[in-house]
Amino acid sequence: MTSTESTVGPEPAGSPSGSRAEGPVAASPAAMSAARLAYWSVQRELWENRWIYLVPLIVAAVFLLGFVTGVARIPIPFPIPHKITASHSLSRLLEAPFDFASMVLMLTYVIVAVIYCLAALHAERWDRSILFWKSLPVSDLMTVLAKASVPVVLLPLIAFALIIATHIAMLLVGTAVLTGRGAHVTEIWGQIPFLSMWGALLYHLLSVHALYYTPFYGWMLLVSGWARRAAFLWASLPIAAVIIVEKLVFDTSVFGHMLLSRLAGGPGAIAFPRHGDMPMQAPTLANLSAFLSSPGLWIGLAVFAAFLAGAVWLRRRQGPI
Amino acid sequence: MSVIEARGLRKKYGTTVALDGIDLNIEAGRILGLIGPNGAGKSTALNSILGLIPYEGQLSVLGRDPWGSRDELMREVSFIADVAVLPRWLRVSQALEYVAGVHPRFDRAKAESLLARTSIRRGSRVRELSKGMVTQLHLALIMAIDARLLVLDEPTLGLDILYRKQFYDALLTDYFDHSRTIVVTTHQVEEIQNVLTDFMFINDGRIVLSCSMEEFETRYAEVTVHQEQLAAARELAPIDERQVFGRSTLLFDRADRGQLEQFGAVRTPSIADLFVAIVGKAQAARQAGRARA
C-alpha cells in the first residue's frame, strides 16, 4: 500500500522532458467561433425536437381543413347582417377566422414551448447522451443558451411564419372555393387590413411571447435541469405552494396576481378584439415605448438571466440520471 | 510534460469518500489501465480528469484545470464514458455533421473511411443500430478527433468478444501513436493486458499499485508447484497461492527467478491474478474485520 505519488511513464515527476513529441507548451488548438458553436447547438435542438415545428404544422393543416369546409358552406351572396352597417364591423366579421387562426397557432406555440422547456435539460440526462455532448468542446453556457433560444427566438419566429403562411393559404383556398361558387372575392378580402394585423401579430409575439414570458421559460429550463423525473410537477408545485402559503400566512395573493399580470402580457400586450370591438391595431411607437420602459420587462429579463445562470450551474454538475 | 498530474486528489459524496487523496503523474505516450473493483473510485477519478465533477486537491490535465475549463479541454481530450451514450434520435450523418461543426480537430474524411469498413449506413438513426454498431460509430467519431488524451470508461461493456477485440485492434492500429495517451478502465482486464503500457490498481479511493508493464514482467512471477515442494516454495514468501486441479500456483513479488525455476516453469502472471492477490486480499481482510466488529 502506498500513498506516494504514482508516476506513469519512463521519467519520474519533475524531470526534464523536452524531447517529447508534443512540447511542454504545445499550443492549444483554436476554438470554433461562438457563432458556429451556437449554430450547431441550435441545429442539434431542431434535430432532436422535430415535433416543435411538425406539431404546429399539423395544427395549421387541421385548421385549414376546417376553414375550407366552413367556406364551402357559406351562403352566397355573402349575407351582411342588418345590424352591421359600419364598414369596420363588416371587416371585423371577415377577419374573425383569420384572428382565430392566429390564436389557435399561438396557443399551440405556448404549449409546445412549455413541453420543450420542461424536457430541454432533462432528456439528455435521461438518455445518458449528456456524456456524449459533454465530450465535445461546447460549453454548458452555450448549450443552455441554445436551448433557451428555442422558446425565446425560434418558436416565436416559427409561429409567426406559420401564421402568415396559414393566412395566405386561407386566402388562396377561400378565393378558389368562393370564386368557384360565383362570388366576387376582391371586395370581401379588400375589407381586411392584413398588414396591420400581421404587424400587430409580430409585435405581440416578440414583445409578449419572446420577451415578457422569459421568466417562465427560464424557470422551466431550470427545473428541467434539476428534476430527476416529473419535471412538470416540480415546475408547478412550488408556484402553487407559494400562492397557498402566501394566502394562509398573509391572506394576500400578490404572487398569484403578479403571475397573472405577466401571463396577460403587461404593457406589451395589444388586447385582442372582443366581439364587435375595434380590430386589432398595429402597434404604435407609444406601445413600444411603454413596453420598453416598463420595469416589468427588465425585472423579468433579470429573473430570466438568474434562472439561466442556475441552469448552467446545474448542467455543469449534472450527469446521467 | 505530464498529460495528467494530480496531487492529493479527493472527492467525497456526502460522507462516502470516493477518492482519498490520489497522487499521480501520467506521461504522454502511455496506455494506462485503471483497474479496480466496483465503487473503487475509477469513474470518479476519470470524471474529475474530464472536468465532469468538482474535486478537492490539485489536478492538471494538459496543463489545464479540468473543472474550470471542460469545453477548452475537450478540444484536446476525447472520451467514451460508458457504451451507448449516443442519443438514440441522432442520425449517423447528423453525428458526422455535428462533430465536424463543433470540433476544431475532427477529420471528417477519416471518420467516413472508418465507417466505410462497417455496415453502418449514413441515414440510420442510432436507435436502429445494434449495440456493437453504436460502439463502432462512437469509436469512428472519437478516432477521427486528433486528441492528445483519450479516456475510455468501460468502452466495451456488454459487447460480444468479436466487437471487443475489434475495438482494441482498431484503437491500436489506427489511432494510437506515441504522442497520444490513453487511459482505460475495464472489467475485462485479461483482454487488454497486452495493450497496456502501464496499469494501476485502485481500491477504496486509493492507488494500491502503479506499475509499468516492463516492471510488472520483471517483478512478478508465477510458478505451479508440486505438492511435495510446496513447503519449500512457501519459504520464498509468495504473495498469493491458489489451487488449480489439486496443484498450487504461487505468485511471487521480486523473488529470485533462479530459485523459482527449481519448482517448475516460471511464468508472468496475468494482471487479473495479481489484482486478486493484492486487492482481493485487502477486501477480504476488510470484510472479515467488519464481520468481527
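## A walk through the predicted model

Let's start with a side chain you can find quickly: leaving out residues up to four places away in sequence, B:Arg257 touches B:Ala221 and B:Val266, where a contact means that two C-beta atoms, placed from the backbone, lie within 7 Å. B:Arg257 sits in helix α10 of chain B, residues 257–261. Helices here are DSSP runs of H or I with at least four residues, strands are runs of E with at least two, and both are numbered from the N terminus. B:Arg257 has 11 C-beta neighbours inside 10 Å, so it counts as exposed; the cut-off for that is 12 or fewer, while 20 or more makes a residue buried and anything in between is partly exposed. Its C-alpha lies 9.8 Å from that of B:Arg267, 10 residues apart in sequence.

A word on ground rules: this is a predicted model, in which local features need pLDDT of at least 70, side-chain atom pairs count only at pLDDT 80 or more, and totals for chains, interfaces and linings use all residues. Residues are numbered from 1 along each chain as its sequence is written, and chains are lettered from A and ligands numbered from 1 in the order in which they are written.

Now over to chain A, which has 13 helices and 1 strand. Chain A has 321 residues, and 32% of them count as buried. Of its contacts with a separation of 6 or more, 84% are between residues 24 or more positions apart.

A:His122 is buried because 23 other C-beta atoms lie within 10 Å. Beyond its neighbours within four places in sequence, A:His122 is in contact with A:Ser224, A:Ala227 and A:Ala231. A:Ala231 is 109 residues away along the chain, yet the two C-alpha atoms are separated by 8.1 Å.

Next, a helix pair. Two packed helices are described by the angle and the distance between their axes. In chain A, the axes of α6 (residues 140–180) and α13 (residues 295–317) come within 9 Å and cross at roughly 130°; axes are lines fitted to C-alpha atoms over the stretch in contact, with angles from 0 to 180 degrees between N-to-C directions. That makes α6(A) oblique to α13(A), the class left over once angles under 35 degrees (roughly parallel), over 145 (roughly antiparallel) and 65 to 115 (roughly perpendicular) are taken out. Among the residues that meet are A:Leu141 and A:Val144 from α6(A), and A:Leu308 and A:Arg315 from α13(A).
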